[in-house]
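The sequence and structure come first, then my notes.

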Amino acid sequence: MNGTMEAIVKHHRGSGAQMQEVAIPEIRDDEVLIRVKATSICGTDVHIYNWDEWSESRVKPPYVFGHEFSGEIVEIGSKVHNFQTGDYVSAETHLICGHCPQCLTGKFHICENTKIIGVDTQGCFAEYVALPADNLWKNPEDMPTDIASIQEPMGNAVHTVLNGDVAGKSVAIIGCGPIGLMAVGVAKAAGASQVLAFDLNPYRLELAEKMGATTVIHSGEIDPVEKAKELTDGHGVDVVCEMSGHPVAMDQGFKMITNGGRVSILSLPTKRVSLDVTNDIVFKGVEVQGITGRKMYETWQQVSRLLQSKQVDVAPLITHHLKLEEFEKGFDLMNQGQCGKVVLHP
């Protein structure tokens with residue numbers, strides 16, 4: 001397809017972004033061209049927009065960023081046989097090599113040569129995006145485009161919560177950003193006996209209640225470790241899902257975990273974290289997991305089925321719908337913490 005399109009471009013090595021008219025991407029033989037129907041803002045996009053140390057070391061402007069979306073295939077490459085024009089899709093955002101030791105043993109989500117759509121390549125904050133067919137996920141026809149656009153981050157939540165047993169267990173979600181909020185709903189659906197949600201933001205704690213948290217704790221007003229132990233008869237919680245990335249909150253997570261518990265860390269701390277490894281990990285016999293991406297494509301199946309069955313309702317956390325050109329308002333809301341998930345519509 002020839003012509004131009006409107007896109008949000010990370011235009012320089014500094015804060016902000018611009019709406020620009022750019023060429024519609026050309027597809028390779030193994031790719032498809034997708035007309036974007038909805039695209040949501042992720043915390044990673046906020047890092048890139050604000051231009052922090054991580055993005056400065058990783059991102060190479062100018063380019064179109066964004067990686068969460070849903071849309072319709074409008075063109076297919078000559079080697080694509082499992083999709084056709086008109087298919088309604090979303091995408092796994094990790095582009096993998098297929099030949100490293102991890103890929104060869106089926107651990108595609110931790111491919112050592114991973115590139116991320118909208119971080120290392122052209123992204124989806126645009127009217128069209130070109131992607132390899134191998135990365136696509138076909139959506140149910142009746143799934144709303146906004147919900148379909150947030151399956152990728154929901155996959156992070158599902159991977160974090162379900163990377164171990166949670167049925168009948170107490171689960172602490174530390175950090176109630178959009179993925180933390182999704183994790184609340186996933187833990188509840190998976191049969192957790194208690195879901196404790198911790199944050200400093202009253203707005204997001206209210207959203208955590210809507211997502212099914214049994215108890216919400218403002219960590220600036222109540223000692224989170226004492227409260228967690230009080231609610232678990234002094235033993236501590238069985239599972240901690242760390243979503244905040246804050247060094248203090250992470251340390252609190254290890255202090256509230258019970259002996260033999262599991263701590264799954266999805267967050268990306270920007271500073272070194274000080275932990276009492278001896279007393280809070282070794283002597284407790286704690287299992288610590290680093291969580292990255294989604295298991296390809298096991299997690300996508302779990303996400304799609306949880307949404308289709310309505311065991312997890314993510315509608316309450318989609319708080320804002322904006323036109324693509326209103327992206328600055330969306331990033332402001334994200335920076336202020338006065339939103340759940342912000343969805344942009346080209």
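The model is a predicted one.

**Helix α12**

I looked up which residues of α12 (residues 327-336) are buried, and found Phe327, Gly330, Phe331, Leu333 and Met334. Viewed down the axis of α12, these buried residues fall within an arc of 155°, so they line one face of the helix. Next I asked what covers them: the cover includes the strands β1 (4-10), β2 (18-23), β17 (318-323) and β18 (341-345), and the helices α1 (43-50) and α7. Just after α12, I noted that Gly337 has a positive phi of about 70°.

**The open sheet**

I then traced an open sheet of six strands, in the order β13-β12-β11-β14-β15-β16, with parallel pairing. Its edge strands are β13 (215-218) and β16 (287-290), each of which pairs on one side only. On average, neighbouring strands here are turned by 15° against each other, direction ignored.

I checked one pair in detail. Strands β11 (residues 170-174) and β14 (residues 237-242) run parallel and are joined by four bridges. Ala172 stands opposite Val240 in β14.

**Helices across the sheet**

Which strands does α7 lie across? I found that α7 (residues 202-210) lies across β12 (194-199) and β13, running at about 170° to β13. Helix α9 (residues 247-256) lies across β11, β12, β14, β15 (257-265) and β16, and runs at about 145° to β15.

**Nonpolar cores**

As background, nonpolar side chains in soluble globular proteins tend to be buried together. In this model, the largest nonpolar core has 42 residues. Met154, Val171, Ile173, Val314 and Leu317 are the ones with the most contacts inside this core. The elements giving two or more residues to this core are the helices α4 (145-149), α5 (151-161), α6 (178-189), α7 and α11 (298-308), and the strands β11, β12 and β14. Helix α6 gives the most, with seven residues.

Leaving out residues up to four places away in sequence, Ile173 touches Gly180, Ala183, Val184, Val195, Leu196, Ala197, Phe198, Cys241 and Met243.

I also found a second, separate core of 32 residues, which includes Ala17, Leu324, Phe327 and Phe331. Phe327 and Phe331 had already come up among the buried residues of α12.

Key
Residues numbered from 1 in each chain as written. Predicted model: local features only at pLDDT ≥ 70, side-chain atom pairs only at ≥ 80, totals over all residues. Heavy atoms only, no water. Pairing = 2+ DSSP bridges. Axes fitted to C-alpha atoms, helices over the stretch in contact; angles between N-to-C directions. Contact = heavy atoms within 4.5 Å. Buried < 20%, exposed > 50% of the residue type's maximum accessible area, 1.4 Å probe, protein only. Arc of directions from axis to C-beta. Core = buried A, V, L, I, M, F, W, Y, C linked by side-chain atoms within 4.5 Å.
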